[in-house]
Amino acid sequence: MLLRIDKIALSFIVICLISMALPYILGLGGENVFIKDFYAKRIMSLFGLPFFALIVFVVLRNGNLRINRKILFYIFVYSVILIHSLFLGNRTSLIGTDAFIATLPIVFYLCVNKTGFKIDGFLEGFNYLLIAAAILVIMGVKLQFSYFSLISVVYLIFLLRWNKIEILLLLALPLILVESLIGKSALIMLFFLVAYFFILDRNLVSFQKKVYLLLIPSLAFFLLLIIFWEQIQTTGSYRNFVYFLSNTDFSSLSFKDQSTGHRLFEAQRVLEEYGDADFWKRLFGHGFGATIDLSETPDATIAKANENIAEVRHIHIGIFAVLYRYGIVGVGIYIFFIFRMARACFRVLNRTNSKALALSALYVLILLFDSLISFPHMMSNFLFWLLAFVVLKKEKTLYKKSIQSFSFKSQM
């Protein structure tokens, strides 16, 4: 039986997106969006287990066990950190959670590169992801995968094809946009996406359309801005941005808003722990399942998202999250990954005419940026890891074609 892993992977991600709504439908977590997101991640993980087992089965059946050296190095470091975590006596349930999250790059590498996964087959159904993300954000589903609705926004603005489903989505654009802006980072990422299509894009949006968008829809945008100003003022992005500006002294780089203050407090605590750590903890961190004492945080909302703020799992700023949990070795892998993925994304964006592939690369870029200030959004994100390896695989294909084209021209 021929398994179309690309189609199965697409269906799996759509199901994961839909499963995110279950905590909201069932009322799990009350009104706390962070606890709802906790349940959403656990539900998605349960849905993911059969898919991950299928990937392993297909790889073993195909006998295609030759693995990229970088992935082999990752597996080696993963194994060392796992053993290190067990010796440190970290809580078993938390070790299991972190170890599962850390396997996602391996699973999706195998999925894209070792199963007969066809990129074109996956991208054919890319619009289903956009539609699912748009519907979810309209329902008020936040955090995990939520930034993907920003991709739906720029698709509707720049790349819309006039069919019935997409016209319906276009009518919902103001609501999608308002519900997508859940924080300062969402506003920054949306600005980056819009700026990319206006300034850097050379393949997908014509110059005439850019001029049209600047002249006509921009006027409509400002009218909508006036009409929906009260709704815009209720968005997390607006409230957080105004709060951030009113509590920041840029001349002295003094940040008094709770969100930024908490992130800086986390960084301070990590550096204190790192300074007191032994050689192995500096090298490999505190391991899977590590927690940190944040009980003196200036951010009161942290207590609402954690049962015990003296034992908190998540650290927001990417470099410090990795340094604390995986040490200086992990930081090296993280920095290498960011630069490698950024290069692959920009190469794909420069050479592709595929809307779905370009949007995939842009999503990977904004999640890389988001990981610098909210690391957990990237690490446990199934869609990010799938699209990251799709982009890497496509970059290799495009590079080979450019080399062949150059060789052919040289021979002429």
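Reader: Where in α3 does a kink lie?

Author: The bend at a residue is the angle between axes fitted to the seven residues ending there and the seven starting there. In α3 a kink of about 35° lies at Gly 48, shortly before the proline Pro 50. The model is predicted: local features need pLDDT of at least 70, side-chain atom pairs count only at pLDDT 80 or more, and totals for chains, interfaces and linings use all residues. Residues are numbered from 1 along each chain as its sequence is written, and side-chain values use heavy atoms, with hydrogens and water left out.

Reader: What does α3 reach from its first C-alpha to its last?

Author: Helices are DSSP runs (H or I, at least four residues), numbered from the N terminus. The expected span is 1.5 Å times one less than the number of residues. Helix α3 (residues 33–62) has 30 residues and reaches 42 Å, close to the 44 Å expected. Just after α3, Gly 63 takes a positive phi of about 70°.

Reader: At what angle do α11 and α20 pack?

Author: Axes are lines fitted to C-alpha atoms over the stretch in contact, and angles run from 0 to 180 degrees between N-to-C directions. Helix α11 (residues 184–200) and helix α20 (residues 355–371) pack at about 145°, their axes 11 Å apart. Contact means heavy atoms within 4.5 Å; among the residues making this one are Phe 192 and Tyr 196 of α11 and Leu 362 and Asp 370 of α20.

Reader: How many salt bridges does the structure hold?

Author: Side chains of opposite charge can pair when their charged atoms come close. A salt bridge is a side-chain nitrogen of Lys or Arg within 4 Å of a carboxyl oxygen of Asp or Glu. The structure holds nine. One of them joins Lys 7 to Glu 124, with the closest N and O atoms 3.0 Å apart. This pair links distant parts of the chain, 117 residues apart: Lys 7 in helix α1 (residues 5–19) and Glu 124 in helix α6 (residues 119–124).

Notes
Helices (H or I, at least four residues) and strands (E, at least two) are DSSP runs, numbered from the N terminus.
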